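Me: Can you walk me through the charged side chains in this one? Keep it quick.

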Amino acid sequence: MPVEFLGIAATGDGSETTARTTAAFDRDYTLRLARAHEDHGWDRVLFAYGAGAPEPAAAAAFLASHLDRLQILLAHRPNVSYPTFAAKTFATLDRISDGRLTVHFITGGNDHEQQREGDFLTKDQRYERTREYIGIVKKAWTSREPFDHEGPHYRFNDFVSDVFPVQQPRPGVSFGGSSDAAYAAGGAEADVYCLWGEPLARTAEQIERVREAARAAGRTDVPRIQVAFRPIIAPTEALAWEKAHRTVAAIRARRGADRPESTPEAVTPENTGSRRLIEIAEAGERYDRALWTPTAAATGGAGNSNALVGTPETVAQALLDYYDLGVDILSARGYHLLDDAIDFGRYVIPIVREEVAKRDAAKAGAARAERAERDRHQLIAAQA
């Protein structure tokens, strides 16, 4: 099983620990960060979505026109455009990138954030809409004949696109979430199912939930699994832990300055994934080989926020523990985006790829030996 690495395609240089010094969309920084990923062994980068943030599809098109190999994971919220329009946008971007696009559909786990752009549906209604939306987009990507649609959220007649993706039959669909509704929707529709970094035992439980949902939807395949972490690495364990504690102090200081307790973002999160991260952090700071939860606690469980702390060797072995569970897409994003992308690419990715190659070679050898032994027994039986 190949392993892939997903980084971040930020359009400005700020993070949870440092204030942004660029414009919200800075051409030079966007390209510099992406090139750092492409030059240091990463497979793809995520263009995230936020209300008020630079439009990710346009930023992704800019990047795709300047780089030849780096793949793109484009986050998209169904509330911001009609699905037929979105399907054409994605197909055009897949053309621009020569088949390097995957689309990550975001249902939305925070009512306040959704309402910033006019979305007043309940969470359950949003999941229903997302499933309908993905189905329409898939059909628009693949149907050469006009088709009609009438569903709970969308209705149109006689639509057919004149632009189709390079990838056949279509680009990949990515999805994430930790609620029952998320498992059901993603299990049915996703090619890639995305999880935030949790302890190994809990991650294994979530993987099984996703697979159960895929089977319940009548699928004969299952989604690939992606898990996201915030790596904090240094040449020694002691230096890595000093860096980790400095990072949490910087997060708390920045959050205190930029997100006073009266803001809506400071309340208990609505989405199940963030609540899970807070629950895990309250139960303990350290799990398994290198998982550390104070970074998640400091952000209130905001998104991908659990850290892996240690030397490159320690963090690589921790990632391999997840690979052994069935995770084959590893998402990582540091707190100094550019430097950390370079360091992770130089020092962690090669270790993981080498060890995965050894595991795959061992599995292939065992499979060959098993086939040879089976053939030997069949030959003996035939001669007898």
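This is a predicted model: local features need pLDDT of at least 70, side-chain atom pairs count only at pLDDT 80 or more; totals for chains, interfaces and linings use all residues.

Me: How many salt bridges does the structure hold?

Reply: The structure holds 25. One of them joins glutamate 16 and arginine 230, with the closest N and O atoms 2.7 Å apart.

Me: Where do those two sit in the chain?

Reply: Glutamate 16 is in the loop between β1 (4–8) and α1 (27–39). Arginine 230 is in strand β9 (residues 224–233). They are 214 residues apart, so the pair links distant parts of the chain.

Me: Is arginine 230 buried or exposed?

Reply: Buried, because its relative accessible area is 0% and the cut-off is under 20%. Glutamate 16 is partly exposed, at 23%.

Me: What does arginine 126 pair with?

Reply: Aspartate 111, in a salt bridge at 3.0 Å, N to O. Arginine 126 is in helix α5 and aspartate 111 in helix α4 (residues 111–115), 15 residues apart. Arginine 126 is buried at 1% relative accessibility, while aspartate 111 is partly exposed at 29%.

Me: And what about glutamate 198?

Reply: Glutamate 198 forms a salt bridge with arginine 202, the closest N and O atoms being 3.6 Å apart. Glutamate 198 is buried, with a relative accessible area of 1%.

Me: Which residues join into one network?

Reply: Asp324, Glu354, Glu355, Lys358 and Arg359, through salt bridges that share partners.

Me: Switching topic. Where is lysine 138, and what is it in contact with?

Reply: Lysine 138 is in helix α5 (residues 123–142). Leaving aside neighbours within four places in sequence, it is in contact with Arg170, Val173 and Glu189.

Me: Buried or exposed, that lysine 138?

Reply: Lysine 138 is buried, at 16% relative accessible area.

Key
Residues are numbered from 1 along each chain as its sequence is written. Side-chain values use heavy atoms; hydrogens and water are left out. Helices (H or I, at least four residues) and strands (E, at least two) are DSSP runs, numbered from the N terminus. Buried means under 20% relative accessible area, exposed over 50%, partly exposed in between (1.4 Å probe, protein chains only). Contact means heavy atoms within 4.5 Å. A salt bridge is a side-chain nitrogen of Lys or Arg within 4 Å of a carboxyl oxygen of Asp or Glu.
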